[in-house]
Amino acid sequence: MNLGNTLRKLRIDSGTTQQEISDYLNIDRRTYAKWEEGITEIKGTYIPKIASFFNINISDLYNENKPSEIRNVNKAIIIVTDEATVEKIMHFLDQSNQVISGLKP
């Protein structure tokens, strides 16, 4: 299975649209679609972001057996405009032992 097929399987298994992933990566949806179709190569800088989006290790993107084992994870994107609120959220998540990924003050 090539990387494009793996991306498609991960996306479908997670119930995510190409547009949602594109928005997360801050790219055009057509660019992402071309990655899934294998028309264009994925720039290396996007690989960690894609792995983070699907809550998997980077190596799982290249492991042919892994995508079927990926668990669905509910995600939310929260945009907070002030540092004090970010600190409160980080403190809450830390206290509740939640995973913090991609949180930027």
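View 1. Helices are DSSP runs of H or I with at least four residues, strands are runs of E with at least two, and both are numbered from the N terminus. The model is predicted, so local features need pLDDT of at least 70 and side-chain atom pairs count only at pLDDT 80 or more, while totals for chains, interfaces and linings use all residues. Residues are numbered from 1 along each chain as its sequence is written, and side-chain values use heavy atoms, with hydrogens and water left out.

**View 2. The buried face of helix 3**. Tyr-32, Ala-33, Trp-35 and Glu-36 of helix 3 are buried; buried means under 20% relative accessible area, exposed over 50%, and partly exposed in between (1.4 Å probe, protein chains only). Seen down the axis, the buried residues of helix 3 fall within an arc of 155°, so they line one face of the helix. The arc is taken from the directions that lead from the helix axis to the C-beta atoms. Arg-30 and Glu-37 are exposed on the face of helix 3 turned away from its buried side. Helix 1, helix 2 and helix 4 are among what covers the buried residues of helix 3.

**View 3. Helix 1 packed on helix 3**. Helix 1 (residues 3-14) meets helix 3 (residues 29-37) at an angle of about 115°, and their axes are 6 Å apart. Gly-4, Asn-5, Leu-7, Arg-8 and Arg-11 make the contact on helix 1, and Tyr-32, Trp-35, Glu-36 and Glu-37 make it on helix 3. By class, this contact has three nonpolar, two polar and four charged residues. Contact means heavy atoms within 4.5 Å. Axes are lines fitted to C-alpha atoms, for helices over the stretch in contact, and angles run from 0 to 180 degrees between N-to-C directions. Ala, Val, Leu, Ile, Met, Phe, Trp, Tyr, Cys and Pro count as nonpolar, Asp, Glu, Lys and Arg as charged, and the others, Gly among them, as polar.

**View 4. The buried side of helix 1 and its two ends**. Gly-4, Thr-6, Leu-7, Leu-10 and Arg-11 are the buried residues of helix 1. They cover an arc of only 160° around the axis, which puts them on the same side of helix 1. Their cover includes helix 2 (18-25), helix 3 and helix 4 (47-53). At the start of helix 1, a side-chain oxygen of Asn-2 comes to within 3.0 Å of the backbone nitrogen of Gly-4. Just after helix 1, Gly-15 has a positive phi of about 70°.

**View 5. Gln-18 and its surroundings**. Gln-18 is in helix 2 and is buried, with a relative accessible area of 16%. Its side chain makes a polar contact of 2.8 Å with that of Arg-29. A polar contact is a pair of N or O atoms within 3.5 Å; within protein, one must be able to donate a hydrogen and the other to accept it, and residues adjacent in sequence count only if both atoms are side-chain atoms. Leaving out residues up to four places away in sequence, Gln-18 touches Arg-11, Arg-29, Tyr-32, Ala-33 and Glu-36.

**View 6. Asn-26 in its loop**. Asn-26 lies between helix 2 and helix 3. Its phi is positive, near 60°, in a residue other than glycine. Asn-26 counts as exposed at 69% relative accessibility.
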